[in-house]
Amino acid sequence: MPKNLKSWKTISSKSLLDTRFLKVEEEVCELPNGKVIPDFYTLWQPDWVLILAQTKNGEWIMEHQYRHGTGKIALEFPAGIVDAGESPLEAAKRELQEECAYAGGKFEYLAELPMNPDRHRGRFFVVRATGVEPQGNTHFDMGEEIETLLYSTETVIEKMRSGEIHHPHQIAAFMLYGIDPLQGTLHK
C-alpha cells in the first residue's frame with residue numbers, strides 16, 4: 001500500500017436490513033484527515049462461484065436465465081451461491097450439475113475476487129472446469145428457469161463484444177482466466 005494512504009475508521013455501524021440474500025449497514029466513518037462521513041452504506045450478499053466450464057469438445061457452457069435486476073433474459077456462465085460449509089470448488093460442481101446437468105472432468109479453483117470493493121462486503125470465486133459431460137438432470141432452485149447453451153471461444157468473445165454477454169464480473173473472469181485476450185487462446 002502506498003505510504004500516504006490510510007484506511008478509514010468505522011466509528012459506528014447500524015444494521016438497516018438483514019436478510020438471507022442482502023444485508024445493508026449504515027456506517028459512520030472517520031477519514032484519515034479527520035473528516036467524518038455520517039452515512040456511508042455498505043452491502044453484503046452471499047459469496048458466489050462463477051464456473052468457466054468447457055465440454056470435452058472445448059465448447060463453453062453458457063446459460064440463458066431471467067435476471068430481475070435488469071428485467072431481461074441474460075446470457076451468462078453458470079454461477080451460484082456458495083452454501084454454508086461448502087468450498088467454492090464443491091459449490092461449482094454442485095451448481096454446474098444443478099443448473100446445466102454437466103459433471104465429471106477436471107475442476108480447478110482459480111481466484112477469489114471482491115464483488116465491488118467500494119461498498120460490497122461479498123466475494124465471488126472463479127472455478128475452471130474442463131472436459132465436463134452431460135450427466136443426470138437439472139435441479140433448479142425456486143425462481144430459476146435456465147436454458148443451457150454451448151458456444152465456441154470465438155462466439156463467446158463475439159457475444160461479449162456485442163453486449164449480449166454483459167455481466168462485468170463474468171467478462172473480467174473470462175478474460176483473466178478463460179482465454180489470453182491478446183492471443184485469443186486458452187489459458188493453460
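Me: Which strand is Glu26 found in?
Reply: Glu26 sits in strand S2, residues 23–30. Strands (E, at least two residues) are DSSP runs numbered from the N terminus, and helices (H or I, at least four) are too. Do keep in mind that this is a predicted model, where local features need pLDDT of at least 70, side-chain atom pairs count only at pLDDT 80 or more, and totals for chains, interfaces and linings use all residues. Residues are numbered from 1 along each chain as its sequence is written, and side-chain values use heavy atoms, leaving out hydrogens and water.

Me: What is Glu26 in contact with, leaving aside its neighbours within four places in sequence?
Reply: Contact means heavy atoms within 4.5 Å. Among the partners of Glu26, with those neighbours left aside, are Ser12, Lys14, Pro38 and Tyr41. The side chains of Glu26 and Tyr41 are also joined by a polar contact of 3.0 Å. That term covers a pair of N or O atoms within 3.5 Å; within protein, one must be able to donate a hydrogen and the other to accept it, and residues adjacent in sequence count only if both atoms are side-chain atoms.

Me: How many aromatic pairs does the structure hold?
Reply: A pair of aromatic rings is described by the distance of the centres and the angle of the planes. Rings of Phe, Tyr and Trp (its six-membered ring) pair if their centres lie within 6.5 Å; planes under 30 degrees apart count as stacked, over 60 as edge-to-face and the rest as tilted. The structure holds 6 such pairs. One of them is Trp8 with Phe40, edge-to-face at 5.2 Å centre to centre and 85 degrees between the planes. Trp8 lies in the segment before strand S1 (9–18) and Phe40 in strand S3 (residues 36–44), so this pair ties together parts 32 residues apart in sequence.

Me: Is Phe40 buried or exposed?
Reply: Buried means under 20% relative accessible area, exposed over 50%, and partly exposed in between (1.4 Å probe, protein chains only). Phe40 is buried at 10%, whereas Trp8 is partly exposed at 42%.
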